[in-house]
Amino acid sequence: MSDQTYPKGQEALPGLQLEKVDDRIMTLNVGPQHPGSGHMRIILKVDGDYIVHCDPDPGYVHRGEEKMAEYRNYITNIPHLERPVIHDSCNILYPYCLGVEELLGIEVSERAKYLRVIAAELNRCVYTEYWLGIYGIFLGHSTMFMWPVGDRELLIDLLDKMTGARVTHAYFVPGGVRNDVPANFEDVCLRQVNYFEKRLKEYADVFYDNPILISRTKDTGVLSREDAIKLGTTGSVLRASGVDFDIRKKEPYDVYEELDFQTNVLKEGDSYARSKIPWLDMLESCRIIRDALQKMPKSGSVRVKLKPKPKGGDTEVYRRVESGRGALAMHIVSDGNSQPYRIKINVPSFRNLIAMPHLLTGEKLGNLPPVYWSLNYWPVEADR
Amino acid sequence: MSVIAPKFRLGYLIKGITDNIFWIIVLVTLMGIPAIQIVLIYIDFPVIDGEIWNPFRVLDAMTHPERALPLVKNFMQTDLFKIIAFPGFGFAALIAAAVIFVERKMLAKLQLRVGPFYCGKVEGILQLMADGLKLISKEIIIPAKADKPLFWVSPVLFAATAGAFVALIPVAPGWVVADIDLGLLAVFAVIGFFPIITIVSAWSANSKFPFIGGIRALYQMVSFEIPLILSLLGIVMLTGSLNLVEIVESQVNFPWIIFMPVGAIVFFICILAELERIPFDLPEAESEIVAGWLTEFSGMMYGLVQLGSYLKLYAFAALFVVLFLGGWNGPVIVPPFPAEIVTDGITVMPDALTVEIVGLPLFTHEMINGTIWFILKTVGVIFFILLPRGVFPRVRIDLLLKIGWYKLIVLAFVNIFIALALVYGGIIGPGGIL
Amino acid sequence: MGTASGIIKALNSGVKHIATKRFTFRYPEQKLKFVGDGYQYDPDAGVGIAGYKGRHILFHDKCTGCNLCSIACEDIAEAIAMPKVQEQWKHNKKAIMPQIDYGKCVFCGLCVDACPFYALYMTNDYELSSFTKEGLIYTPAQLQVKPKVDQDVEIQIDEKGANHG
Amino acid sequence: MSSADSTEIVKTDDSSLAPDLDKSLSDSISKKFSNIEIAYVKPDRIRVNVKKEEIIAVATFIRDELNFDHAESVSGVDYPKDKQIEVVYHLGSYTDTSLAKKILALATRTPREDNPRPGNDSTKLPSLRDVFPSVSFHERECFEMLGVYFDGHPDNRRLLLPEDWADIPPLRKDFAIKGR
């Protein structure tokens, strides 16, 4: 900016700068080392307090998962395919397992399907609690950071009992799940999920019904229904814009058909609605878990024994599930070997990223955290 | 051995210490004692209770503590003591430190966690000291293109201005550092310094995030000073005085918050905004602008700003108490001292050592009562200043300005009308019924 | 006044939670209890047994040195090597046994799934820190040791809230 | 975005979730365009292979007439044996509830060069960004990962890889990971 020349006769006085259009615009690098960015950079151009241009720059945690998957067989892919989103690791393995089962032609036992659903729903809550904690701290609400992260421990404890690991479970395998649950898991799960639901309802007073939060996030970053469809957004972003689309309902996988739950849809399409949908989903997840615990067969095998290096047919599959952030799909191309020829992990965060420049342009800088994080965006997952 | 840690031997250390002590003794005897002699020739000895306090008298008092009592009492009436210790900086800093501890523990309880725990054995009571030590020992980094003198001076100015604010607060009857007739105006003047210091430090850092934070702080403080001042006009009308001590004395029967709850609410919200506390901590909004105007401060410069802001918190809470909650007024807790203590004195350890201290109570019972009530009320107000941090998110800058200009100013005028109605209705105020 | 009642509700909720029991527990003094003795695998049924996936335990009297765990790991973390051991076993002619580098291990437990001889399980021990990278490499002799675990804290839920008892 | 009248067309001729809906969808495509290949019709999954010259016309037809309103993903697959790179657009529908389960894979192929110079060689495809705005970032990713340049895409920049990436596009099969 300093090397710009001024028109003749309009030289700036010492200490003063003439206001030119270009001088009004300041470039702000939000991230990757910024308390409000996550593992990504958002290049903003601000005019005063208004964002005039937004360019998301992901890729800081790109690990080449898709390339790595081409070198590993269908079983050894499991531990590293869950790495992009370790808080939701069951859900990111879900489409992979469904797809490989379709490739290999395996039918999973009934109990394993229920266990998968329970693990996936617990994991969705774990992810959403973490997300909600960061949303809270982004809005300067430190209690809303501590409470979800603390209550998340209830579910982590359950998943720990179930799978043997706190976050990277490696629990789903093609053909079922790795192990059956321990003896009195049903009672413990029911007790902790009930308490968790009670805690979730307590969030309303300090957060979701808080007039300051509502005034802060209402009518900010409004994504209209048409734009949400056109931009191909998914998950909570889509459902907050009034589109009733949930893979669990629309394309039910495993036993979601038999379970009793509903899809949460809000019409507003603003940050508040986008941030409320995951919370409502968590309450719904508690219902699903209770229902699944009730309907689950009390015993039975949970895992189909596979060969150490199974081989898929010469075909391709495209399976999708509803993860904590939206539709998570895997496009697995097989050429008949024990290793996949190509895996495309189509992650919801990456699909929702396209809405970010659309929403942030024209907003105030103060709206950056709520709009950015209400997109339910997980940088590590988007980078894969 | 590495170069960083030079050879260490205990003998060298002890030798160094003894050497230093030796030279200090030599220098004091050779230069200090003659200097004191020379000074003693020229100064007048203080006269307390008709007694000249010459050096021999002082030495005498050192051997008999009870004889030093008049000196102590006299010292406590000096401005120096008031500034450094009781109603001034020391007292305020103590309360500020307690506030930081209470804030951490209370927030932790609210968030179902523990808070500071290990430092100091008992519930982490020494955590603040540890943090202070850490801040002192940290390197001070100054941005290369910063305006260095301004950058250096702004944290000092901030703490000093907060200290000046503290000096205006009357704590107990007669215990105020600066008893100014236009005390409330002085308060407004001191508050007016804060945005200037903020913008100076933000500008001198020559960095983007401090700049945005400084501009936000300027907006926020300027727009909230108007309702702040307006909300206090009602009290000035009712008391007919700007002197803070007189305002407190006017609330012997009832605190002004009974008649002016609207003004109290407006003033409280303005306090939150002026203190940059959640929900109005926009100048330091970390998720948007890193740490706002504090981004480039490091080490003890940051520590000074924090000290200043907690002093400011205490001062504002105390101002609320003084203006709305009746200051030191309250029912008697400590009864008046029995007369014999004052006249005959207390006997310390009757068998072993008989020392009769006459006029022992250093403070009058009014003063102790007043201080207790003042501290209780201030702690209550501080609790309500701290609580929003646990339950509210941050507001946005335009909403903040809207609250300031549209709502609070209107409410402040409503408060003024209430005050006018009370005055012209002849209910209270100069020559009123009550 | 929706705004005022909302603010009062929020403040009320905040004050109410000051009196609630804290949920955190002091980690180094207290440790969370896990189910069972660690993740195990039953090769006959082809199903694992639930348990925590911590450090491995190797049963020298069952290990045949078949390399299957090492092969299972080589696409995942490459943490398992098969060095020679100074032991004589009838079923382990080559006298090689797994040695695990916990600097690389991701604790997925697929090596346990690969073992057909009930020789490699996992335990509840997760405190594996070391000052050197060499210290993280556990030899077969170290893996043989059953870890001492002192884990007894469980989540307890009552009327006043959940806490770690 | 599909227009309102096209919504009605599809809703009238498909009694919702008919078992032969997949078949009728593929038939309507093959009726309209002569030289395209319906690779397979599985339950809820249809794959259509088209020439790269025709892809915009086919995509526009699918969007306007068949009511698939967004693209879920763009996955590129490298086939060094055929000297071709395949790009698969997975299309889905939010507005039409009968199509909610369906995924229409629209695949096209572009020649592949052994010494790629991304953006300056023959590995080019027309961009579908004007038809489906949601492919914007996916096509950027495909460009950097496989070196397929999308004509008409306004923003063919790097997305995930570092800005100074000088190797060949990493998802091509001849880019080998060290030690594998």
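**A walk through the chains**

Helix α13 of chain B passes helix α15 of chain B in a right-handed crossing. A crossing is called right-handed if the near helix is turned clockwise from the far one by less than a right angle, and left-handed if anticlockwise. Before going on, please note that this is a predicted model, in which local features need pLDDT of at least 70, side-chain atom pairs count only at pLDDT 80 or more, and totals for chains, interfaces and linings use all residues. Residues are numbered from 1 along each chain as its sequence is written, while chains are lettered from A and ligands numbered from 1 in the order in which they are written.

Back to the two helices. α13(B) covers residues 300-324 and α15(B) covers residues 365-386; they pack at an angle of about 115°, with their axes 9 Å apart. Here axes are lines fitted to C-alpha atoms, for helices over the stretch in contact, and angles run from 0 to 180 degrees between N-to-C directions. Helices (H or I, at least four residues) and strands (E, at least two) are DSSP runs, numbered from the N terminus. On the α13(B) side you will find B:Leu313, B:Ala317, B:Ala318, B:Phe320 and B:Val321, and among their partners in α15(B) are B:Phe374, B:Val381 and B:Ile385. Two residues are in contact if their C-beta atoms, placed from the backbone, lie within 7 Å. The residues of this helix contact divide into 9 nonpolar, 1 polar and 1 charged. In this count, Ala, Val, Leu, Ile, Met, Phe, Trp, Tyr, Cys and Pro are nonpolar, Asp, Glu, Lys and Arg are charged, and the others, Gly among them, are polar.

Now look at how the chains meet. Among the 4 pairs of chains that touch, chains A and C have the most contacts. Their contact takes 34 residues from chain A and 32 residues from chain C. On the chain C side, α1 (2-18), β2 (47-49) and β8 (155-158) each give two or more residues, and α1(C) gives the most, with 8 residues. That side of chain C divides into 18 nonpolar, 11 polar and 3 charged residues. By contrast, chain B and chain D do not touch, and their nearest C-alpha atoms are 24 Å apart. No contact joins chain C and chain D either, although their closest C-alpha atoms lie 10 Å apart.

Finally, take chain A by itself. Chain A has 16 helices and 8 strands. Of its 384 residues, 60% count as buried, meaning that 20 or more other C-beta atoms, placed from the backbone, lie within 10 Å of the residue's own.

Key: A residue is buried if 20 or more other C-beta atoms lie within 10 Å of its own, exposed if 12 or fewer, and partly exposed in between; C-beta atoms are placed from the backbone.
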